[in-house]
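Reader: I am new to this one. Please walk me through it.

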Amino acid sequence: MNKKHHTIYFDENNNLIHTTPKEWARANRDCFRKYNFLNNENTPVTETINRYLIENRGFNRIESDTRVICIKF
């Protein structure tokens with residue numbers, strides 16, 4: 001099984017922001033209240049973060065064999 005690289009792109013004040021799902025989640029902890037972010041065991045997994053972005057923030061998912069991108073402009 002190939003490991004995929006996950007990336008998030010979004011527009012903030014006319015600036016393209018590029019980050020990882022885990023970095024985005026840490027910056028938006030209020031979206032994941034059941035996690036305390038103190039260690040990897042209590043941090044949401046990448047798929048949970050991506051699903052949240054798609055279902056609640058209007059992001060789209062683009063996927064290839066090696067990459068998963070969640071994007072919103």
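Predicted model: local features only at pLDDT ≥ 70, side-chain atom pairs only at ≥ 80, totals over all residues.

Reader: What pattern does the chain follow along the sequence?

Author: The pattern reads β-β-α-α-β-β. In total there are 2 helices and 4 strands.

Reader: What share of the residues is buried?

Author: Buried residues make up 33% of the 73. The accessible surface comes to about 5,300 Å². Carbon and sulfur atoms hold 45% of that surface.

Reader: Which residues form the largest nonpolar core, and what makes it a core?

Author: The core has 12 residues: I8, F10, W24, A25, C31, F32, F37, I49, Y52, L53, F59 and C70. The set is called a core because its members are buried residues of nonpolar types, joined through side-chain atoms within 4.5 Å. Helix α2 (46-57) supplies at least two of the core residues, and so do β1 (5-12) and α1 (21-27). The largest share, 3 residues, comes from α2. There is a general background too. In soluble globular proteins, nonpolar side chains tend to be buried together.

Reader: What does I8 touch, leaving out residues up to four places away in sequence?

Author: I8 touches I17, H18, T19, T20, P21, W24, L53, F59 and C70. Of these partners, W24, L53, F59 and C70 also belong to the core.

Reader: Why is F37 called buried?

Author: Buried means under 20% relative accessible area. F37 has 9%, so F37 counts as buried. F37 sits in the loop between α1 and α2. Its phi is near 60 degrees, a positive value in a residue other than glycine.

Reader: Is N14 buried or exposed, and why?

Author: Exposed means over 50%. N14 has a relative accessible area of 74%, so N14 is exposed. N14 lies in the loop between β1 and β2 (15-19). N14 also has a positive phi, about 65 degrees, although it is not a glycine.

Reader: Why is A27 called exposed?

Author: The cut-off is again over 50%. A27 has 64%, so A27 is exposed. A27 is placed in helix α1. From A27 to G58 there are 31 residues in sequence and 18 Å in space, C-alpha to C-alpha.

Reader: What makes R26 partly exposed?

Author: Partly exposed lies between the two cut-offs, under 20% for buried and over 50% for exposed. R26 has 36%, so R26 is partly exposed. R26 is found in helix α1. R26 and I8 are 18 residues apart in sequence and 13 Å apart in space, C-alpha to C-alpha.

Reader: Where is R67, and why is it called partly exposed?

Author: R67 lies in strand β4 (residues 67-72). Its relative accessible area is 36%, so R67 is partly exposed.

Reader: How do you know that R67 touches H5?

Author: Contact means heavy atoms within 4.5 Å. R67 touches K4, H5, T7 and I62, not counting residues up to four places away in sequence. R67 and H5 are 62 residues apart along the chain, yet their C-alpha atoms are separated by 4.7 Å.

Reader: What share of the contacts with a separation of 6 or more joins residues 24 or more positions apart?

Author: Such pairs account for 41% of those contacts.

Reader: How far apart are the mean positions of the positive and negative charges?

Author: They are 3 Å apart, for 12 positive and 9 negative charges.

Terms used:
Residues numbered from 1 in each chain as written. Heavy atoms only, no water. Buried < 20%, exposed > 50% of the residue type's maximum accessible area, 1.4 Å probe, protein only. Areas by Shrake-Rupley, 256 points an atom, 1.4 Å probe, with all protein chains shown as cover. Lys, Arg positive; Asp, Glu negative; His and termini not counted. Charge placed at Lys NZ, Arg CZ, Asp CG, Glu CD.
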